[in-house]
Amino acid sequence: MEKIRIMILIVIAVMLLSACAGNKEGQEGNTEGGRKNVSIAVMSSDRFLESAVQKFEALHPDIHIEIKEFLAMPKSENGMSAAISQADMEKFIQTVTTQAISGKASDLILMNNLPEDKFVDKKLLANFNDMMAEDPSFDKSKYYQNILTGSQSGDGLYVMPIAFALDLIQGNTELMEKAKIEIDDKTWTWDQVKQISKKLQEQAGPDYTAFINLFSGQLLYDYIESNYSELVQRGKANFDSDLFRDMMQQIKALYDEGTLKEEFSYDYDKALLSIGGFSSPEQANNPKTAFFQKPTVHGDGQGSGFKTYFKLGLNSKSKARQEAWEFIKFLLSDEMQASPDLMGIPLNRSVVDNKFTELENEDNGTPAKEQIESVRNLLDKAGKKSESDFKVASIAIEEFAAYMSGQKSAEEVSRLIQNRVTTYLNE
């Protein structure tokens with residue numbers, strides 16, 4: 001009887017240990033060896049993140065950063081990743097969003113391409129304004145305040161932009177001088193782009209054009225990003241509106257009248273303008289390029305917009321909240337913000353200022369100081385976030401094709417987009 005009792009106790013002990021091990025494995029914030037675990041969900045990892053993890057763990061041996069890569073892309077011999085399909089993107093978005101809603105999200109989430117509004121509305125993300133206010137070691141003044149403010153949803157900062165880019169139009173200064181073209185970017189419209197293109201061809205020749213390699217779907221996507229806060233307001237779609245139809249009509253006219261063409265070209269020196277923006281401090285030292293605010297539909301210049309290149313959200317239910325915040329602070333440190341692997345403009349002002357100082361001190365015969373001062377002004381004034389929900393933009397582009405081909409009217413297409421987007425937002 002005593003042996004049976006001992007065997008029963010052993011079995012119970014093994015079951016309890018197994019249960020504890022299972023619970024520990026599924027619990028955020030714990031790893032073997034007593035180190036605190038911080039998981040970060042990304043679509044595909046990159047050298048900047050991997051380098052940051054390696055350096056952070058060396059400084060914090062009690063914390064392990066686990067990169068959860070949902071779509072590991074095979075690299076070619078030159079290190080470039082294969083293209084990501086729309087189906088892959090939608091699968092990633094659905095998977096991570098579902099995990100977050102069900103309470104199974106990683107501690108940190110790379111929010112690029114994810115529906116930020118949905119995450120915020122469902123209270124899935126922590127407010128970084130609270131984290132910064134509670135941490136006396138964090139000096140908020142070191143960073144571009146206008147970018148932090150522009151990244152807010154309401155009064156809360158739920159995604160932290162590690163790097164960003166100015167959402168602008170680039171102009172070929174040599175070609176502008178040759179064609180005697182001046183641009184008032186505070187009032188110009190997409191309709192006026194046709195007049196600029198006509199003048200360019202009269203002055204420089206018929207083989208010159210305002211833009212090259214700018215397709216109608218791409219232009220619509222860019223417009224939606226620049227005006228997303230007007231097209232989707234507090235979870236309500238606003239596509240069945242004159243605001244959106246006017247833009248559709250201006251885009252169609254640009255292609256119908258030949259100002260823009262749905263064809264690819266390598267004649268970049270024949271283009272006056274390009275949608276590319278300002279994404280690196282080094283661009284400030286190129287006198288052949290000028291930067292302008294984007295044209296609008298009605299000439300109501302909205303100032304310089306910006307896009308975030310690397311933005312992180314913190315799971316509001318994370319059990320490794322403090323450790324995750326320490327990692328974000330490390331990503332914003334002088335060391336990591338100055339990393340050559342960081343894509344975009346660092347959020348850390350001192351890193352950008354140091355780079356500008358280096359450029360000013362270079363003796364290469366270019367008017368670096370004047371150009372840099374102009375760029376500094378643009379950086380300080382940028383405040384409108386140019387980002388959208390990937391699914392919303394995909395729906396709009398899909399339906400827009402029927403309008404461009406003449407199969408449906410602007411009214412029909414805008415209503416179709418309105419209905420489909422409304423259904424998606426209510427899911």
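1. Start with Phe 70. This residue is partly exposed, at 29% relative accessibility. Buried means under 20% relative accessible area, exposed over 50%, and partly exposed in between (1.4 Å probe, protein chains only). Phe 92, in contrast, is buried at 4% relative accessible area.

2. A note on the source. This is a predicted model: local features need pLDDT of at least 70, side-chain atom pairs count only at pLDDT 80 or more, and totals for chains, interfaces and linings use all residues. Residues are numbered from 1 along each chain as its sequence is written, and side-chain values use heavy atoms, with hydrogens and water left out.

3. The whole structure holds 15 aromatic pairs. Rings of Phe, Tyr and Trp (its six-membered ring) pair if their centres lie within 6.5 Å; planes under 30 degrees apart are stacked, over 60 edge-to-face, and the rest tilted. Phe 70 and Phe 92 are edge-to-face, because their ring centres lie 5.9 Å apart with planes at 70 degrees. The pair links distant parts of the chain, 22 residues apart: Phe 70 sits in the loop between strand 2 (63-69) and helix 3 (86-101), and Phe 92 in helix 3. Helices (H or I, at least four residues) and strands (E, at least two) are DSSP runs, numbered from the N terminus.

4. Now Phe 128 and Trp 325. Their ring centres are 6.1 Å apart and the planes meet at 35 degrees, so this pair is tilted. Phe 128 belongs to helix 5 (residues 128-134) and Trp 325 to helix 12 (residues 321-331), so the contact ties together parts 197 residues apart in sequence. Both residues are buried.

5. Two lysines sit over tyrosine rings. Lys 118 lies over the face of Tyr 424, 4.0 Å from the ring centre. The charged end of Lys 252 is over Tyr 403, 5.8 Å from the ring centre. The test: NZ of Lys or CZ of Arg within 6 Å of the ring centre and within 35 degrees of the ring normal.

6. Strand 5 (residues 169-172) has two antiparallel partners. Strand 8 (residues 273-275) pairs with strand 5 over three bridges. Strand 9 (residues 289-292) pairs with strand 5 over four bridges. Pairing needs at least two DSSP bridges between the strands. Ile 169 stands opposite Ile 275 in strand 8 and opposite Phe 292 in strand 9.

7. Finally, Tyr 266. This residue lies in the loop between helix 11 (242-256) and strand 8. Tyr 266 is exposed, at 68% relative accessible area.
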